[in-house]
Every structure is written in C-alpha cells, then in structure tokens.
Amino acid sequence: MTDDDGAGLLAPLSRPDHAALGRLHERLGREAADDGLLDIAYRVIDSPVGPLLLAATDRGLVRVAFEIEGHDAVLAVLAARVSPRILRFAARTDEAARQLDEYFAGRRRAFDVPLDRRLSQGFRRSVQEHLTEIAYGRTESYTEVAAAAGSPRAVRAVGSACATNPLPVVVPCHRVLRSDGSLGGYVGGLEAKHALLALESAA
Amino acid sequence: MKPFERVVAEHGATVLRVCRAIVGPVDADDAWSETFLAALRAYPALPADANVEAWLVTIAHNRAVDLLRARARRPEPVGELPEAPSGRPAPGDGSGDIWQAVAALPPKQRQAVAYHFLVGLPHAEVAAILGGTTDAARRAAADGISSLRRSLAAEREGARS
C-alpha cells in the first residue's frame, strides 16, 4: 500500500468547507477580542478612493491604508512593529467605518474616533497632530504647516510627515498643498488626493 | 513573523478536517476554536523556523484528547464507544460513509490516518505527536487505511445487495 492510495481514499474529506470556516473565523475574532488576545483587528471597506484597510488596537484606530500601499505589506509592518496577533475582525472598526461612509457621502466634516498614534514619533507626530486642526474644506501649504509645528524651515520634513501619515483621510494630510497651490504628493496617490479635495469643496 | 490572519487562512481548512476526523462533527467547531485561540496566545513566541502546520496539529491533537476525555466523563449515554465520535451526517457528496468509517477506527489509528494522510505529516512527526516510535505510527496509519478500505468495500457490497 502506498501513501497515494491512502490520500486517494480520503480525498472526499479534503474539500474545504467555506461556510463553516467563515463562521469559525468570525467566532475566533470575537473570542480572541474577549480574551484580550486580539492586538490588531482589521477590515477592508469600499470607498470612492478605492478599498481602504482599517486597523485598530484596543486603544483606537492605528492604521488606515490605501490599496496602492499594498494591504498585505501594511499588515506585515503592523505585525513587526505592533504585534503579529492580527485577525480580520470587523466589529472593532464599525464606528470608524460608519463615520468614513458619512464622510464620503458628504454628511460628515470631522472624525470622532479614538486614535492610536503609536506608529509615529517625534516631529512627524507633532506635524500629524497639527493636521487634525486643518478644517474640512480648507488647505494649508507645507510651509504653513512647518511654521505651525514650530519649525518654519522644516518644510521637507513636513512633506515626509505627510507621506508617512499612518491614518490618511482621518488625519487629513490631503489638506496640505504646495505653496503654489499644486497638489504635492499623497500616500494614496494624486488621484485620491484630488478626489478628497473635490469632495470637501463640493460640500 | 506573518500576521496570524495568514496562519488561519493557510491552515484553517486542514485543522478543521483534522478536528472533524478526530472528535467528529459535533465537537469539531469547539476543537477548532480552542486550537486557534491557544495558537494565537502562543504565536508571538513561536520560533521563526517552526513548522506551523505540525505545531497547529499538535495543539489540535491535545485539545481533541481533552475533549474526548471530557466526553467520556459525561453522564449521558454516548454510545458504546465513548472515544469514537458519531459519523458526520452525509452531506450528499458521498463523503458521509468515509467520515463514519474514520470515526469507527480505534483512536490511535484514526489519529495516525488523519495526521499522515489528511494533513500530510511524515510518520516521524506523527510519532512525535502521538508518542511512540515512527514504526508504530507508520503501522497505525497503514492498519487504519486497510481497515477503512475494508469497511468501505463492505458498505458498497451491502448497498448493492
């Protein structure tokens, strides 16, 4: 008798039961969260600027990521920098998802969810904290943001703080433009930046 | 270290098959959930070069042994062989007979068959999980498969007559 015979005999048992696995996955997320084992819960939502990854720790939203950033790569970085105890589990980001839906529908101008800013430190973090003060529908130049963050000469550093914003859309780095009014860069791509600014100027 | 979600995505189906084979369909969901919760708890300390599949099967095996022991202690009647799970309700794809036949195997054979033939672990890994020698694990798997073949053949004979 060979191994192939045995595996062939059992082949009918090898079909994956997708319905059961979906149910078990949901239960695992819930029980892991209850047991304090779910360090990062994430989901992917649809939006007018493409699929957005939302990831949250027990402290709050820790990462929002555009598809062009590569969601797998983003999760790998979270595993290395925060914890590998990561599961797709929607419940923890329900409120953030609801507020983003309202925002994209033009019915919300500010986000009110707890943020976990542990992925940013130092000057970048002060810049990103200032960004939240730029009102909906308004823009600032990189130079103005540098001045507001207390380092008027650090214009390039403001650029990299925006480029490394771990919470785009919610922390509005899309509201920062070049002094001549051109778009500059954007972590989600220039098309997304343009779409967000158009959304906010239309409302 | 990859996100645990990837571990579930890559090995969830295999672990479910193992749980169904070892504890039967009724307790398989609990065994699967307990396996992945225990794995999630221990995951950050898992060595980078560990064989994740063998690690998960070992956890599942231990959970299943606990579940079978607990079931053997249950006061309500559970049939003549407390360690043998009831067969999977036939899902209409012809696999029902095989699940029943697997369920009727003695525990060691059932485990050796599941870990070697369903998961694909080498006999040496199976022996490490079950205790005992590699030869004993190989024999248990071979005896189990022969027994399955006989009972399935008998089943077909019975269906024909």
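**Domains, chains and helices**

Tutor: Let's begin with domains: in chain A, the centres of domain 1 and domain 2, taken over C-alpha atoms, are separated by 25 Å. Domain bounds here come from an automatic or database domain assignment, and for chain A that gives domain 1 (18–104) and domain 2 (122–202). Before going on, keep in mind that this is a predicted model, where local features need pLDDT of at least 70, side-chain atom pairs count only at pLDDT 80 or more, and totals for chains, interfaces and linings use all residues. Residues are numbered from 1 along each chain as its sequence is written, while chains are lettered from A and ligands numbered from 1 in the order in which they are written.

Student: How many residues of domain 1 of chain A are in contact with domain 2 of chain A?

Tutor: A contact means that two C-beta atoms, placed from the backbone, lie within 7 Å. Here, 10 residues of domain 1 of chain A meet 11 residues of domain 2 of chain A. On the domain 1 side, strand 3 (residues 61–66) of chain A gives the most, with 5 residues. Helices (H or I, at least four residues) and strands (E, at least two) are DSSP runs, numbered from the N terminus. By class, that domain 1 side has 8 nonpolar, no polar and 2 charged residues. For the classes, Ala, Val, Leu, Ile, Met, Phe, Trp, Tyr, Cys and Pro count as nonpolar, Asp, Glu, Lys and Arg as charged, and the others, Gly among them, as polar.

Student: And between the chains, which element of chain A gives the most to the side that touches chain B?

Tutor: Start with the totals: the contact takes 29 residues from chain A and 31 residues from chain B. On the chain A side, helix 1 (3–9), helix 2 (18–34), helix 3 (71–81) and strand 4 (86–88) each give two or more residues. Helix 2 of chain A gives the most, with 8 residues.

Student: At what angle do helix 1 and helix 2 of chain B cross?

Tutor: Axes are lines fitted to C-alpha atoms, for helices over the stretch in contact, and angles run from 0 to 180 degrees between N-to-C directions. The axes of helix 1 (residues 4–23) and helix 2 (residues 25–42) of chain B come within 9 Å and cross at roughly 145°. Residues making this contact include Val15(B), Leu16(B) and Cys19(B) of helix 1 of chain B, and Ala31(B), Trp32(B) and Thr35(B) of helix 2 of chain B. By class, the contact residues divide into 12 nonpolar, 1 polar and 2 charged.

Student: Is Trp32(B) buried or exposed?

Tutor: Trp32(B), found in helix 2 of chain B, counts as buried because it has 27 C-beta neighbours inside 10 Å. Leaving out residues up to four places away in sequence, Trp32(B) touches Leu24(A), Val15(B), Leu16(B) and Cys19(B). Trp32(B) and Leu16(B) are 16 residues apart in sequence and 6.0 Å apart in space, C-alpha to C-alpha.

Student: Which residues touch the most other members of the largest nonpolar core?

Tutor: A nonpolar core is a set of buried Ala, Val, Leu, Ile, Met, Phe, Trp, Tyr and Cys residues joined through C-beta atoms within 7 Å. Of the 94 residues in the largest one, Leu54(A), Leu61(A), Val64(A), Val18(B), Cys19(B), Ala60(B) and Val102(B) touch the most other members. Helix 1 of chain B gives the most to this core, with 10 residues.

Student: Why is Arg107(A) called exposed?

Tutor: Arg107(A) is exposed because 10 other C-beta atoms lie within 10 Å. Arg107(A) is found in the loop between helix 4 (94–104) and helix 5 (122–131) of chain A.

Key
A residue is buried if 20 or more other C-beta atoms lie within 10 Å of its own, exposed if 12 or fewer, and partly exposed in between; C-beta atoms are placed from the backbone.
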